[in-house]
Amino acid sequence: MTLPTPPEGNQPLPCESLTVLFDGACPLCRREVGVYQSLKPARPVAWTDVSKASVPLAPDDRARYLARFHVRREDGSLLSGAAAFVALWQVMPGWRWLARLAALPGVTPILEQLYRGFLRIRPGIQWLARACDTSHLPAGLVADLRSNHAGETGAVWIYRGMLCVTRDKTVRTFAKNHLHTELQHLQKMSALLPPLRRSWLLVAWRMAGFVTGALPAVFGRRAVFATVASVETFVVQHYAHQIEALTAQAGHAALRQTLVDCQRDEAAHRIEAEAHLTHPPGALLAGWCRAVGRGSALAVTLARRV
Ligand SMILES: [Fe+2]
Ligand SMILES: [Fe+2]
C-alpha cells in the first residue's frame, strides 16, 4: 500500500501538526533535520525519512520528495521548498523570527529562488559531505581506521615492490598470495573510510611500502621473510588495540568483525613468513627488522594525524 498523493499547497499557514518528509540518505538533510529534531516544537512534528524503502510511497512521489524538501500539513496538503521550511520554522523555537521575516511580502519567493539555486549545487555539496561523513564510525576510532587504510596501502605496495625485484619462485608465490589478501584488506578499509578522511600522505605510504618490499628482495628470501614477519608482528598488535577498544563498546559488531578478520589474516602471514625462516636473522638483518618495526610505528603515528 502506498501513501496517497495530496495536492500541493501554496502558502505556509499555521497548522496543528506537520509531517516532515526528508532524504535521510543525504548527509546534508540528515544534519539539518537533526538540528530541528533536537528542538522542542510548539506543535507535534512527525519525521519521515523518504529514502527508506520501508516507507510506502509510489516511485514518482518518492523521487519528488527526495528532490525537494516537503512538509505535509494536518489537512493532508503538501508544502515544498521554501514554503515547507517556513511552515517548519513557525513551530520551531529559535526559528520563528525567520518565519516572521518570510511572511513579509515577497520574501518567501526570494527564499524559494535561493533554495532552487542551492538545489543546483546540492549534488556537489552532497558528494563533499559524503566524502567526509564518518557518522557511521565510532568517533574515537576514525584516526585508527585512517592508519589502517594507510597501512593496508603500504602492505599492497610492499608486495608490489617485492614482485618488481625478485625472481625467486618461492618468494614470488608468497608475494602474489599475500598481495591478493592485502588488496582485499585495502578494499575493506576503503569501504569503511570516506575518501576525504583518508591519509593525505598516501603517496608517501605507497613509496615507503615499495621500498620496504623491494629492498629485502634484493638480498634474498631470508631478508624478505624476516621483513614480513617483523611488519606483521607490528600489524597484529595494532589491530589488537582497536579490537579491544571495540569490545568495550556496545554496537559496531560488523566493524569489529572486519578488524578481527584482517588481524587473523595478518597473523597467518606472520606465521607463514616465520615458517620460511630456518634460523634467526643475523645482526644486520635483525637491525633492519627493528628499523621496519619502528618505521611502522612512526607511520601509524603520522597517519593517525594526517
Ligand atoms: Fe593487511
Ligand atoms: Fe598482511
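Predicted model: local features only at pLDDT ≥ 70, side-chain atom pairs only at ≥ 80, totals over all residues.
User: Why does Glu-266 count as buried?
Analyst: Glu-266 has a relative accessibility of 1%, and buried means under 20% relative accessible area (exposed is over 50%, partly exposed in between, with a 1.4 Å probe and protein chains only). Residues are numbered from 1 along each chain as its sequence is written, chains are lettered from A and ligands numbered from 1 in the order in which they are written, and side-chain values use heavy atoms, leaving out hydrogens and water.

User: What makes His-185 buried?
Analyst: His-185 is buried because its relative accessible area is 0%.

User: Which residues coordinate the iron ion (ligand 1)?
Analyst: Glu-152 gives two OE atoms, Glu-182 and Glu-266 each give an OE, and His-185 gives its ND1, at 2.0 to 2.7 Å. They count as donors because the cut-off for N, O and S atoms is within 2.8 Å of the metal (3.2 Å for Na, K and Ca); water is not among the atoms, so a site may look incomplete. Along the sequence, the spacing of the donor residues reads E-x29-E-x2-H-x80-E. His-185 sits in helix H7 (residues 169–192) and Glu-266 in helix H10 (residues 253–276), so this pair, 81 residues apart, links distant parts of the chain.

User: Which residue coordinates both the iron ion (ligand 1) and the iron ion (ligand 2)?
Analyst: That's Glu-182, and the two ions are 3.8 Å apart.

User: Why is Arg-206 called partly exposed?
Analyst: Because its relative accessibility is 32%, which lands in the middle class. Arg-206 is in helix H8 (residues 202–219).

User: What is Arg-206 in contact with, leaving aside its neighbours within four places in sequence?
Analyst: Thr-153 and Trp-157, where contact means heavy atoms within 4.5 Å.

User: At what angle do H8 and helix H9 pack?
Analyst: About 145 degrees, with the axes 7 Å apart. Axes here are lines fitted to C-alpha atoms, for helices over the stretch in contact, and angles run from 0 to 180 degrees between N-to-C directions. On the H8 side the contact uses Thr-212, Pro-216, Ala-217 and Phe-219, and on the H9 side Ala-223, Val-224, Thr-227 and Val-231.

User: How do the residues of the contact of H8 with H9 divide?
Analyst: Six are nonpolar, two polar and none charged. The classes: Ala, Val, Leu, Ile, Met, Phe, Trp, Tyr, Cys and Pro are nonpolar, Asp, Glu, Lys and Arg are charged, and the others, Gly among them, are polar.

User: How do you know that strand E1 (residues 18–22) and strand E2 (residues 45–49) pair?
Analyst: Two strands pair if DSSP finds at least two bridges between them, and E1 and E2 have five, in the parallel sense. So they qualify as a pair. In E2, Val-45 stands opposite Leu-18, and Asp-49 is the bridge partner of Phe-22.

User: In what order do the four strands form an open sheet?
Analyst: The order is E2-E1-E3-E4, with mixed pairing. E2 and E4 are the edge strands, each pairing on one side only. E1 and E3 run antiparallel, joined by four bridges, and three bridges join E3 to strand E4 (residues 78–80), again antiparallel.

User: What covers the question of faces for strand E3 (residues 70–73)?
Analyst: Both faces are covered: His-70 and Arg-72 on one side, Val-71 and Arg-73 on the other, all buried. In a regular strand, side chains alternate between the two faces of the sheet.

Definitions and conventions. Helix = DSSP H or I, 4+ residues; strand = E, 2+ residues; numbered from the N terminus.
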